[in-house]
Amino acid sequence: MIFRKVNPDEVGKLAEMYDEVLDRQPFDEYGPKWTRDIYPCQQDYISHCSRGEFHAGEDNGAFGCRAVLCFGEDPMYKAGNWRKRVSDEEVAVIHLLAVAPSYRGQGTAMSFLKYLTEQAGKKARVIHLDVLDGNLAAGRLYLKRGFTYSGNLEAYYEDIGECLINLYEFDLENKKANGVCSIPISFVFIGHFLF
C-alpha cells in the first residue's frame, strides 16, 4: 500500500470509499456514527483535498484507508486537558480516519498512523484527535501507536448532536527521541473513528 496525499481530482474515489465505510457502519460493533451527506460530506472532501489535507493509502488503484491531517489546533479542542502545552500552530490534528472494511485486521490502520505521524512531525510538535466515547477499537489502536489518553470533553457534531468525546495526544518530539512506547490500555474509554 502506498500512502500519499489525495489529489483534488480524486474526490469521487474518496467519496466512494467513505460510502463503503458508511454502508458497513450499522454492522460494526464500534464506530464513529457518521451520517452520510452531513459528516462527512462532499464539501468536506473538496475543501480538505484543495488544501492538501487528505491523505490515503492506495492499493491497486483503490483507497484502503484515508484521513485528514491538518495543522493548527481544532477550536473544539482548546478546552482539552492536554499534557504538552504548545501554541496552536504547533499542533497537527487528525480527523475522518477510516479503513475500508476489506483492509481491516491487516495492520493497515497502524501503518497508516505511522505515515500520518511522520507527516505531522514535519511541521508540528504534537498531534491531537478525538474519538466518540465507547469506540474501543479506535482507542486501543491509538494507545498501541503511542498516543496518550488526555481526558474527555462534551462536544457537538452536526450529524449526531451532543456527545462525549475522548481526546488523544501524540508527542512528536518525545516519540522522535525515544521511539514509540507501549502504553497500558486498562483505562481506555474511546470514541470517534472507525477501523
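Modeller: Let me start with the largest pocket: helix H3 (108-120) and helix H4 (136-145) each contribute at least two residues to its lining. Please keep in mind that this is a predicted model.

Colleague: Gladly! Which element gives the most to that lining?

Modeller: That would be H4, with 4 residues. In total 14 residues line the largest pocket, and Gly105, Gly107, Ala109, Met110 and Leu141 are the ones nearest its centre. Its volume comes to about 230 Å³.

Colleague: What makes a residue such as Gly105 part of the lining?

Modeller: A lining residue has an atom within 4 Å of a grid point of the pocket. Gly105 is listed in the lining of the largest pocket, so it has such an atom.

Colleague: How do the lining residues of the largest pocket divide into nonpolar, polar and charged?

Modeller: There are 7 nonpolar, 4 polar and 3 charged residues.

Colleague: Let us turn to the backbone. Why is Leu96 called buried?

Modeller: Buried means under 20% relative accessible area. Leu96 has 2%, so it is buried. This residue sits in strand E4 (residues 91-99), and its phi is near 55 degrees, a positive value in a residue other than glycine.

Colleague: Is Asn60 buried or exposed?

Modeller: Exposed: the cut-off is over 50%, and Asn60 has a relative accessible area of 77%, so it passes. Asn60 lies in the loop between strand E2 (54-59) and strand E3 (62-71). Its phi, near 50 degrees, is also positive in a residue other than glycine.

Colleague: What does the protein come to in helices and strands?

Modeller: It has 5 helices and 7 strands, running β-α-α-β-β-β-α-β-α-β-β-α from the N terminus.

Colleague: How much of the protein counts as buried?

Modeller: Of its 195 residues, 56% do. The protein exposes about 8,900 Å², and carbon and sulfur atoms supply 50% of that.

Key
Residues numbered from 1 in each chain as written. Predicted model: local features only at pLDDT ≥ 70, side-chain atom pairs only at ≥ 80, totals over all residues. Heavy atoms only, no water. Buried < 20%, exposed > 50% of the residue type's maximum accessible area, 1.4 Å probe, protein only. Areas by Shrake-Rupley, 256 points an atom, 1.4 Å probe, with all protein chains shown as cover. 1 Å grid on protein atoms, 1.4 Å probe; cavity = no way out; pocket = protein on both sides within 12 Å on 5 of 7 lines; lining within 4 Å. Points joined across faces, edges and corners; volume = space filled by probe spheres on them. Nonpolar A, V, L, I, M, F, W, Y, C, P; charged D, E, K, R; others polar.
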